[in-house]
Amino acid sequence: MDILQAFSDYLDAAKTAIASASTLEEIEQVRIEYLGQKKGKARELQSLIGKASKEEKPVVGKRFNEVRTEVTALLETRRDALGSGATEVESDFDPTLPGIAPRLGNAHPITKTITHFRELMGRFGFQVVEGPEIEDERHNFDALNIPEDHPARDPLDNFYIATAQKTAGGPILLRSQTSTVQIRTMEQVKPPVRIVSLGRVYRPDTFDATHSCMFHQMEGLMVDKHVTMAQLKTLLSLFARSFLGPDVEIRFRPSFFPFTEPSVEVDMKWGGTWLEIGGAGMVDPNVFRAVGYDPEEVSGFAFGLGIERFCMKHFEVDDIRRFYENDVRFLQQF
Ligand code: DAH
């Protein structure tokens, strides 16, 4: 029967055209040509049905529907494949090859330690405050009860950046200790006080494995009605244990600082050796007077810890200079 033969020819031609379409535009052209409502080839074939005899008509009509359904399905499958990008044209992309891993940024080990310290001290109820790195003599020395002739003021031990002649309010310098923030805080708030301040300090030390002319300290200050040395010791022990593990021991050695009385140096036992981690003590009455607190009313403790010390021990870094050389091979280990 010629009509059925025409349907078969149509189906074969459509299959070839669909297989050779390689873009979405081409497959759309194939659709218009073979299935289009107005001038499509299927439309021409449909008109043949009317020419079939009465007996043939049901067979021809059924076959027409089958052929058209099959072409429609083939077309859709091909269109989906082209749309998903899985075409032969793009097949030079091999998803099984190893990719290029992007290099991710990373917080500096000192920054990580600072973040960790803040978080731990926050849990002990200490508020984090900031202070300036450029200071005047009142905050770096005078109010901290450091006498005029004290060696800590020596120009060779400090980075003075302007002399008294140049500024109205006296010399200014890069702060040599974060204890400045004790004064700035007490000038602004009434007791009780419970703060820590973490930041950079500057001293003209010669660079070696344990010295840098810029390093970081965490200053702590607690002032209230009955603050005691026992509380200071408890706090520092808990802090060290939280940071380094339950076995860390703390010891206090008698020492001297102008701003505390009594004063101690604090060591921490870690892996069998005692490591000095900073200074501490009970706030000197003269410091309270300098900020307008009444030493008969309140007492307080203060401490200053070297952040690099903890960081070096924690990350097993044996030379402080590594932190500031900006060597990516070193920094990306953390
Ligand atoms: N400011 C001292 C230093 O840099 C450390 C220090 C000692 C801080 C005793 C304190 C303290 O708050 O009470 O060496």
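Author: Before we start on this predicted model, a word on contact, which here means heavy atoms within 4.5 Å.

Reader: Okay, with that in hand, which residues is Glu135 in contact with, leaving aside its neighbours within four places in sequence?

Author: Glu135 is in contact with Asn140, Pro171, Ile172, Leu173, Arg175, Thr180 and Arg184, once those neighbours within four places in sequence are left aside. One of these residues, Arg184, also has a side chain joined to that of Glu135 by a polar contact of 2.7 Å.

Reader: Where is Glu135 found, and is Glu135 buried or exposed?

Author: Glu135 is found in strand E2, which spans residues 134-136. Glu135 counts as buried because its relative accessibility is 1%, and buried means under 20%.

Reader: And helix H7, which of its residues are buried?

Author: In helix H7, residues 180-188, the buried residues are Thr180, Val181, Gln182, Ile183, Thr185 and Met186. The elements that cover them include E2, helix H6 (137-140) and helix H9 (285-290), together with strands E5 (193-202), E6 (214-224) and E10 (299-306).

Reader: Switching to the ligand, how many residues surround it, and which are the closest?

Author: The ligand is surrounded by 15 residues, of which the closest are Gln177, Gln182, Arg203, Gln217 and Glu219. Gln182 is also among the buried residues of helix H7.

Reader: What lies 3.0 Å from a nitrogen atom of the ligand, and which backbone atoms lie by its oxygen atoms?

Author: A polar side-chain atom of Ser179 lies 3.0 Å from a ligand nitrogen atom. On the backbone side, a polar atom of Ala302 is 3.2 Å from an oxygen atom of the ligand, and a backbone N or O atom of Phe303 lies 3.4 Å from an oxygen atom of the ligand. On its own the ligand has 350 Å² of accessible area, and the protein covers 91% of that.

Reader: Phe303 again: what does it touch beyond residues up to four places away in sequence?

Author: Phe303 touches Met121, Val196, Met218, Glu219, Gly220, Leu232, Leu235, Leu236, Gly279 and Ala280. Phe303 is also listed with Met218, Met268, Phe301 and Phe310 as having the most contacts inside the largest nonpolar core, which has 41 residues. Helix H8 (residues 229-244) gives the most to this core, with 7 residues.

Reader: Which residues does the second core include?

Author: That second core is separate and has 22 residues, including Tyr10, Tyr34, Ala42 and Leu82.

Reader: Last one: how is the chain divided into domains?

Author: The protein chain is divided into domain 1 (2-90) and domain 2 (109-331), and 84 Å separate their centres, taken over C-alpha atoms.

Terms used: Residues are numbered from 1 along each chain as its sequence is written. This is a predicted model: local features need pLDDT of at least 70, side-chain atom pairs count only at pLDDT 80 or more; totals for chains, interfaces and linings use all residues. Side-chain values use heavy atoms; hydrogens and water are left out. Domain bounds come from an automatic or database domain assignment. Helices (H or I, at least four residues) and strands (E, at least two) are DSSP runs, numbered from the N terminus. Buried means under 20% relative accessible area, exposed over 50%, partly exposed in between (1.4 Å probe, protein chains only). A polar contact is a pair of N or O atoms within 3.5 Å; within protein, one must be able to donate a hydrogen and the other to accept it, and residues adjacent in sequence count only if both atoms are side-chain atoms. A residue is near a molecule or strand if one of its heavy atoms lies within 4 Å of it. Accessible areas come from the Shrake-Rupley method with a 1.4 Å probe; for residues, only the protein chains shown count as cover. A nonpolar core is a set of buried Ala, Val, Leu, Ile, Met, Phe, Trp, Tyr and Cys residues joined through side-chain atoms within 4.5 Å.
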